[in-house]
Amino acid sequence: MSTMDEIEEESRAAAEKMVMNMMQRPGQLEKVEQYKKRITHKKASIEAQLKSAVQGKLDGVRVGLRQLQECLDDVKQTNLKMDELEDLLTGVPPLVASLQAVREEDSRHSQYVTAMDSLKHIFTVPESVAKTKQWIGEGKLLHAHQCLSDLENSRDDLLYELHRLPNQSSHDKIMLKAYFEDVEMVSNLLEKQIKLILARTLNTVRKEPTVIVTALRIIEREEKRDQMAIQQQDQSGFMPPGRPKNWRTKSFEVLECAVAQRVEGTRVDEREDNKLWLIRYLELTRQLILEDLRVVKTLCVPCFPPHYDIVNKYVNMYHTCLSSSLQDIVQNGLEGNEYVTLLSWILNTYPGTELMGSPEVNVDVSILPPLLSEEVMQKLQDEYLQKMESNYMEWMEKTLESERAEWAGERSPDVEPHTSAFHTHAPVIIFQMIDQNLQVTETISKEITFKALLLSIDQVTRFGNMYREGVIQFKNAHFADRSRVAYFTHHMITIVNNSEQMVRLAQQTQSRRWPPALHHPPAERSFQRLLDTFQSLRDEAAKFLLEEAFLDLEEHFDDLFTAKWLTSSIPVDTICVTLEDYFQDYNHLREKNFEYVINEAQNLVYKKYITAMLSKKITFKTVDEAQQAATKIVKEANQIRSFFRRIALNAEGVNVDWPFEVISVLAEVLRCQDIEMLSLDLHGLLEKCPDVSEEQLVRLLALRGDVPRAHPHPALPQLFKNITFNDRLLSHFTL
């Protein structure tokens with residue numbers, strides 16, 4: 001009641017507040033009746049809703065009470081029935097003993113029923129076995145299997161009834177099994193016939209696909225009976241004889257064996273019979289697998305149940321058998337190009353459009369295991385590169401022996417028709433061999449091609465070092481006895497040309513074979529080492545070439561700037577004539593090499609000429625003698641320059657003016673009449689030749705008899721030698 005009073009008080013307060021809000025303005029008094037009607041209508045609506053809600057709750061309570069009453073009645077009735085059931089169950093135990101005879105009679109009746117059902121099969125077992133054999137021989141496999149199934153059912157039912165007996169008789173079991181022993185023999189005969197059919201699947205499916213379908217139907221029926229036998233064993237512990245047969249598993253084993261035989265059958269040759277045995281084997285295998293998988297996809301798929309997944313099964317079987325066959329080949333060892341044949345076939349042919357990637361087969365080999373493991377593949381690649389290296393070494397050593405034999409021969413080297421250059425075929429043959437090896441490795445992969453390229457580079461560099469040693473030995477032997485080798489100059493020209501050609505061919509190989517946009521510092525250093533080896537050999541051989549010529553000129557250079565030189569032109573004339581004679585042979589150099597030899601020859605000439613001038617062999621005592629000598633020096637410098645201009649007529653990379661202009665400048669120092677003006681000539685010499693040393697200037701002035709000799713100063717303390725600074729003042733200035 002207190003709660004209701006509180007609610008009423010709150011309602012009254014809320015109503016007063018609402019009325020006060022309504023009556024705040026005078027004009028609102030006129031709407032009092034309207035407000036009363038609205039509130040009265042709202043009150044009536046709320047009361048109606050409240051009555052309806054209360055009525056609904058009351059109805060629900062009434063229904064709930066009725067249901068509770070019904071449940072109570074049901075519980076009472078159930079208690080009564082449970083009491084009656086307990087009274088009835090007290091009489092059951094005595095009935096067990098009295099019904100024992102009934103149970104035994106039921107068991108015998110069940111056995112009799114089974115025996116009666118199997119009588120026709122029991123009495124006709126020999127006849128049924130003979131008929132089943134006949135049908136198997138005639139190819140009527142479904143009839144044979146039906147008859148076999150009837151026989152097996154009769155046998156299994158009888159054995160099962162024996163199994164159910166409390167006191168099982170082993171004698172009865174042995175007798176039954178002996179009586180039905182021909183049934184198992186017929187089963188084995190049918191199994192053998194089905195295996196024979198499956199072994200010829202790829203041939204039979206083209207002509208008689210129904211035979212394959214029949215065999216598969218029998219296999220599937222046997223699989224179902226295997227499952228039933230296993231379930232029966234789980235329930236009763238009884239397993240019929242010969243179960244499970246597992247004919248489906250055995251069928252896949254037969255198919256795999258047939259595939260292995262077909263793959264091995266393509267190996268018709270051995271290495272001893274045919275050098276191309278591996279190529280033939282792999283090609284026959286490719287054709288076989290391609291055709292067989294095409295047959296599987298088009299003809300076997302309609303015959304085999306979908307859950308056999310026959311296409312993938314065959315793909316895996318061929319892949320596995322082929323892998324095993326290739327492993328045997330690798331274990332027996334490979335020779336020569338067999339490495340390339342096998343690697344190329346595995347990496348390119350097998351997954352490519354010629355086999356697994358062909359539109360007819362379209363197999364993604366990436367989901368299959370590798371034909372050969374990564375270790376075996378790497379081993380094959382390493383062995384192949386090792387054999388390539390061995391071949392390079394053997395062949396290049398033979399090439400060097402052939403070159404040496406030509407050097408010692410009594411025949412001039414061959415001449416290139418279009419350039420008249422002396423040459424041998426060794427550079428071209430070497431790089432042809434390299435190119436052939438790289439072409440072969442390109443059929444394998446880009447990775448092994450690059451490895452082969454690096455191997456080739458290293459081997460050519462090794463050949464260059466061996467070649468250089470041979471050239472030095474050849475040169476030393478010749479200079480020890482210059483009468484032994486008749487064509488030393490010709491062969492040395494050939495060596496120069498060959499070395500330059502090796503550089504050119506190496507650069508061509510790089511431009512053709514180097515992977516685009518590849519940055520590989522070790523490989524780049526190896527290639528540069530190859531270029532440097534033959535470039536330095538070219539330069540060294542060219543110096544050996546000139547060394548021979550200048551041995552003949554040595555005595556004539558010794559005659560320069562002697563007393564008889566003043567009145568004779570023989571030394572320089574002889575030098576020019578001798579060089580011209582040698583340059584007749586040097587014309588057999590290639591253009592670039594010819595230019596190099598000209599530059600080296602003129603450098604040697606002016607160095608030896610200046611050396612002779614400054615060797616203190618003569619002194620011009622008077623100004624006239626000095627002027628006469630200066631005129632002769634200028635004349636000889638022009639004579640030598642004219643000679644080199646003539647032989648270098650078409651050579652663009654030769655500067656024949658500068659070295660002999662220096663000789664003319666030296667001559668001007670001798671020509672100067674006024675000793676007071678000599679310093680100007682010396683200053684001009686120093687401007688043109690800033691590298692001239694004080695010793696050389698002293699030797700030049702010593703040629704003039706009118707220049708006082710320089711006397712050495714007494715040894716003075718070296719005041720500045722030990723005065724050092726931590727910084728360099730010159731570094732703060734810019735020139």
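Author: Cys257 has a relative accessibility of 44% and counts as partly exposed; buried means under 20% relative accessible area, exposed over 50%, and partly exposed in between, with a 1.4 Å probe and protein chains only. The model is predicted, so local features need pLDDT of at least 70 and side-chain atom pairs count only at pLDDT 80 or more, while totals for chains, interfaces and linings use all residues. Residues are numbered from 1 along each chain as its sequence is written, and side-chain values use heavy atoms, leaving out hydrogens and water.

A disulfide is a pair of cysteine sulfur atoms within 2.5 Å. By this rule, the structure has zero disulfides. Cys257 is in none, its nearest cysteine sulfur being that of Cys321, 8.5 Å away. Cys672 is likewise in no disulfide, and the nearest cysteine sulfur, that of Cys689, lies 17 Å away. Cys672 is buried, with a relative accessible area of 10%.

Salt bridges come next. The term denotes a side-chain nitrogen of Lys or Arg within 4 Å of a carboxyl oxygen of Asp or Glu. In the whole structure, 41 are found. One of them joins the side chains of Arg12 and Glu8, at 3.6 Å from N to O. These two residues are four apart in helix H1 (residues 2-22), and therefore about one helical turn separates them. Helices (H or I, at least four residues) and strands (E, at least two) are DSSP runs, numbered from the N terminus. Arg12, at 48% relative accessible area, is partly exposed, and so is Glu8, at 45%.

Another salt bridge brings together Glu397 and Arg462, at 3.2 Å from N to O. This pair links distant parts of the chain, for Glu397 lies in helix H15 and Arg462 in helix H17 (residues 446-480), 65 residues apart. Glu397 is partly exposed at 35%, and Arg462 is partly exposed at 25%.

Arg482 and Asp552 form a further salt bridge, their closest N and O atoms being 3.0 Å apart. Here too distant parts of the chain are linked: Arg482 is in the loop between H17 and helix H18 (488-513), and Asp552 is in helix H19 (residues 521-558), 70 residues apart. Arg482 has a relative accessible area of 33% and Asp552 one of 28%, each counting as partly exposed. Elsewhere, salt bridges with shared partners join Glu152, Glu222, Arg225, Asp226, Arg243 and Lys245 into one network.

Helix H15 (residues 374-407) also packs against helix H16 (residues 426-442), at an angle of about 170° and with the axes 11 Å apart. Axes are lines fitted to C-alpha atoms, for helices over the stretch in contact, and angles run from 0 to 180 degrees between N-to-C directions. The two helices are therefore roughly antiparallel; that word applies over 145 degrees, roughly parallel under 35, roughly perpendicular from 65 to 115, and oblique to the rest. Among the residues making the contact are Tyr392 and Trp395 of H15 and Ile430 and Met433 of H16, where contact means heavy atoms within 4.5 Å. The residues of this contact comprise eleven nonpolar, four polar and one charged. Ala, Val, Leu, Ile, Met, Phe, Trp, Tyr, Cys and Pro count as nonpolar, Asp, Glu, Lys and Arg as charged, and the others, Gly among them, as polar.

Within H16, Met433 is buried at 17% relative accessibility. Leaving aside residues up to four places away in sequence, Met433 touches Asn391, Tyr392 and Trp395. Its C-alpha atom is 9.5 Å from that of Ser456, 23 residues away along the chain.
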